[in-house]
Amino acid sequence: MPREAEFQAIARELGYDFNGEIKIGGNYTPTVRHGSDVYVSGQIPRVGNEVVVTGRAGGDVPLAEAQRAARICAMRALALLRQTLGSLDHVTRLLRITVYVRSAEGFTQQSEVADAASDLLVRVLQEAGGHTRTSVGVLELPKGATVEIDLIASAL
């Protein structure tokens, strides 16, 4: 399936529209292009004005819901790449993602949360979606979000 069609299919599965403006939460640039590299600022699971998954993974947020948050973050990052590049077809390689998981004490499944984002990125970008990754547990994230993801891609 073409990248755009896959992107839209996942958006429907999640029940959200990622076609409009992607709201940012401060005085920063959501993407920076430097040569062929595109840096995408950290994305939380915000849809419109609402952060749709908040709380601590492994505490008040079950693993499956934290994974849904990671998928929403990844879709926001892809939407920003699409806006910056004009098309996801211009992504030649996803280089790196970092996944921050707001974690309850004793929660050690940050990699499983990150897998949800990684799987989605590979599903949309196919071979170009393979990437390096770091996933870490953190005490707090902006707006009480459960997950935040940033990434670096290479593009035409």
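The following legends describe close-up views of a predicted model.

**View 1. An aromatic cluster of F7, Y16 and F18 in the predicted model.** Ring pairs join F7, Y16 and F18 into a cluster, and the count of aromatic pairs comes to 2. The ring centres of F7 and F18 are 6.4 Å apart and the ring planes stand at 70°, so this pair is edge-to-face. F7 belongs to helix α1 (residues 3-14), whereas F18 lies in the loop between α1 and β1 (31-34), so the pair ties together parts that are 11 residues apart in sequence. Both F7 and F18 are buried. The pair formed by Y16 and F18 is also edge-to-face, with 6.5 Å from centre to centre and 80° between the planes. The relative accessible area of F18 is 3%, so F18 falls in the buried class; Y16, at 22% relative accessibility, counts as partly exposed, because the buried class is limited to values under 20%.

**View 2. The largest nonpolar core and its most connected members.** This core holds 46 residues, of which M75, L78 and L81 touch the most other members. At least two residues of the core are supplied by each of α1, β2 (37-43), α2 (63-85), β5 (91-102), α3 (110-125) and β7 (147-155). The greatest contribution to the core comes from α2, with 13 residues. When residues up to four places away in sequence are not counted, L78 touches F7, L88, L120, L121, V124 and L125. F7, one of these partners of L78, is also a member of the aromatic cluster with Y16 and F18.

View 3. Pairing between β1 and β2 is antiparallel and extends over 4 bridges; V32 stands opposite Y39 in β2.

View 4. The side chains of Q43 and R76 are joined by a polar contact of 2.9 Å. Leaving aside neighbours within four places in sequence, Q43 is in contact with I22, C73, R76, A77, L80, V147, E148 and I149.

View 5. R93 is located in strand β5 and is partly exposed, with a relative accessible area of 37%. A polar atom of the R93 side chain lies 3.2 Å from the backbone oxygen of G130. Neighbours within four places in sequence aside, the contacts of R93 are E127, A128, G130, A153 and S154. R93 and H131 are 38 residues apart in sequence, with a C-alpha to C-alpha distance of 7.8 Å in space.

Methods: Residues numbered from 1 in each chain as written. Heavy atoms only, no water. Phe/Tyr/Trp six-rings, centres within 6.5 Å; stacked < 30°, edge-to-face > 60°. Buried < 20%, exposed > 50% of the residue type's maximum accessible area, 1.4 Å probe, protein only. Core = buried A, V, L, I, M, F, W, Y, C linked by side-chain atoms within 4.5 Å. Contact = heavy atoms within 4.5 Å. Pairing = 2+ DSSP bridges. Polar contact = N/O pair within 3.5 Å; in protein donor to acceptor, adjacent residues only side chain to side chain.
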